[in-house]
Amino acid sequence: MALSRIKSQRELTLVQRITRDDVQEYMRRRRAVMQWMEAVLDVVLVIDIVDALRNGIVLCYLMREIEPDSIPRIQEDSKMAFQLKENISFFIAAMVEYGVPLHRVFHVDDLYYAKNEVSVVETIHTLATLAAEKGFHTALPAHEELSNVIDVSTLLDEEVDEMRILLARVRKCAPGKSRKISAIERRKLAYLLGSEEKIQICERGFTRLQALVRGHLARKKCAARVRSEAYRDRVALEILETETKYIKALRTCTKHYLEPMRASLGSKSQLVSEDQFKAIFSDLETILNFNESLLLELEPRVSNWSPSQRLGDIFLKLISFMKVYTRYVQNYDMAIATLMKAEEKREKFKLFLAQTMEKEECNGLGLNSFLIQPVQRIPRYNLLLKDLVKHTWEDHRDYEDLFAASRKIEIVTKELNEKKRESESMMKMMEISEVLSGSKLSFELAEAHRRFLGHSSFPSTPKGKDALELYLFSDLLIIGKQSKSYLRSRTTVKVLECLFLNHIDLEVEGECLYVLKNGTRIRNGRFAMGAEFEKWKALIDETKSLHEATRRNHAKATLGIAGPQAAQEAPRAEDVLRQRNSPKPGHRGVMKRDESLAGLQATKFMLQKELNELEEQSPRKDKKDKKGRYRMSMKRDKATQVDKEAEGLRAKLEADLEEVDRRLQDKRDLETVGT
């Protein structure tokens with residue numbers, strides 16, 4: 001009876017080619033698909049596969065397991081047909097994006113109205129095969145692993161014929177060799193592409209064809225827009241939720257940490273000094289006030305969300321506030337260092353932090369966990385806006401503002417990351433310069449153009465015990481050896497060689513690597529080769545090539561600069577501040593320091609650290625035994641001399657610190673005037 005419904009001879013021929021063995025093979029694939037879905041989702045599909053998948057919910061969760069974030073939303077609590085069809089449409093669109101060929105994808109009606117179960121099974125089978133090829137953790141079970149496979153011999157002939165018809169339709173849609181065109185069809189094609197008279201005869205057919213194509217494209221565009229709008233809904237809600245949590249965290253930090261610490265300033269129970277308080281919290285309150293106003297604008301728009309709602313203009317306002325975030329990120333490392341130092345030195349402050357962290361509102365988070373949140377927020381804005389722009393169509397009224405805000409925040413994020421790396425590199429170079437000693441290092445190591453790349457120790461010979469220290473910078477290679485400093489009671493590194501990369505070459509001979517300066521091997525430039533040093537050799541060669549390329553480009557740019565001198569202008573506020581920033585005649589000042597804001601902050605931090613260490617490790621402190629004699633057989637005149645050296649060093653550090661404070665304040669004044 002089923003075959004009698006077939007009207008086309010060609011379709012009947014295709015059905016007749018489908019055998020019972022083909023139907024049995026389909027039954028195996030059907031069972032394999034069901035077992036695969038049960039393994040992926042950890043569920044049991046006790047009902048028929050079409051009934052289990054009809055609402056599209058299982059399919060959407062399946063696709064999310066394979067490709068996270070591929071389904072923007074799932075209509076779970078609805079019984080409306082259009083919403084359940086939306087689930088199926090999202091699944092189909094996600095499959096196509098994942099790489100399933102279009103000719104292997106079923107239609108929404110094939111599943112929702114149970115028109116073609118075979119097409120649904122074959123589509124999911126193709127998806128499972130593709131996922132396994134891409135490295136998905138669960139593969140289709142083999143034939144011997146299948147259970148409860150339906151035997152075709154137990155089915156009625158009518159059911160088998162129905163399966164054959166559906167299989168024939170699926171195979172008919174599969175791409176294959178193009179069939180030969182008959183003579184009649186050639187004449188039809190000639191009519192379509194022939195004279196104007198013939199085209200006019202078929203004009204009604206052309207019009208109908210155009211309407212069908214336009215309708216198909218419009219439905220396709222509408223489906224894509226529905227999916228994009230679902231993504232926009234989710235991203236907008238995520239922006240509001242994360243902003244609410246962010247504001248809540250900043251308010252908690254202000255209430256339980258900032259305000260009690262500020263209230264204690266100047267009292268007997270003072271937790272930290274005023275300078276430490278400013279260094280720790282920086283611009284936190286300013287950031288909180290601005291983001292509270294930002295949240296007030298976001299809430300009504302997201303609450304009344306619609307496909308035409310806008311958010312781009314709100315984030316454009318955020319761009320003008322990025323300077324405060326930039327300053328906070330630059331000060332973050334110093335804030336954490338100040339916090340750790342205060343916690344080590346002040347038991348009362350340490351107890352306050354521990355007690356505050358146990359409060360219910362703080363949820364076990366320490367002060368450092370709150371301080372890092374503004375640092376993490378800008379990259380989060382960047383990711384959310386990128387996602388929002390990606391799913392906003394170009395003719396949307398908010399697209400231009402969103403795109404502009406996304407690009408600007410992306411630029412700011414890159415600048416913040418770069419400045420943070422510069423600050424970290426500057427801090428590291430300042431720390432290294434405190435460890436290095438010797439007359440070979442006759443210049444300031446911490447410079448704005450220089451980047452620290454790595455440090456390691458290597459023996460000078462394969463069986464050697466004495467290790468040499470290597471410090472690699474973007475333009476410099478320092479070779480040193482550890483030595484003991486009695487004045488500061490710590491190990492230092494004496495600089496043996498200080499080599500600029502454009503003057504050196506590397507040469508391997510046997511098991512050793514030699515450093516050559518101007519073609520000649522240097523005295524302290526022999527190292528035992530090993531697996532780690534081979535990596536270092538490659539890094540040095542790469543850095544050297546990059547440094548030489550940078551120098552060539554800089555030379556070309558310098559040769560290309562030409563032009564008239566700038567016209568004389570009246571003195572501006574910036575010039576007055578720069579004149580104040582220059583050292584006074586006869587004043588020693590802080591020479592050879594990086595004059596950027598990050599450099600001055602790093603200099604201040606290192607000077608303060610050095611001064612604190614000097615005060616803690618005074619040569620007279622705890623140096624006498626019970627009889628009043630100095631340890632290490634140090635004579636009184638020698639001890640007095642060391643005291644004088646320490647006092648002189650302390651005076652020098654205090655003067656340097658005062659000078660850096662003055663320059664740092666002038667630098668901030670310059671920024672304020674520029675703004």
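User: What do buried, partly exposed and exposed stand for?

Analyst: Buried means under 20% relative accessible area, exposed means over 50%, and partly exposed lies in between, with a 1.4 Å probe and protein chains only. This is a predicted model, in which local features need pLDDT of at least 70, side-chain atom pairs count only at pLDDT 80 or more, and totals for chains, interfaces and linings use all residues. Residues are numbered from 1 along each chain as its sequence is written, and side-chain values use heavy atoms, leaving out hydrogens and water.

User: Why is Ile-372 called partly exposed?

Analyst: Its relative accessibility is 27%.

User: Where does Ile-372 lie?

Analyst: Ile-372 is in the loop between helix 17 (367–371) and helix 18 (373–390). Helices are DSSP runs of H or I with at least four residues, strands are runs of E with at least two, and both are numbered from the N terminus.

User: What makes strand 6 and strand 7 a pair?

Analyst: Two strands pair if DSSP finds at least two bridges between them. Strand 6 (residues 504–509) and strand 7 are joined by 6 bridges and run antiparallel, so they meet the definition. Asp-505, for instance, has Leu-516 in strand 7 as its bridge partner.

User: What makes strand 7 mostly covered?

Analyst: Of the 6 residues in strand 7 (residues 512–517), 5 are buried.
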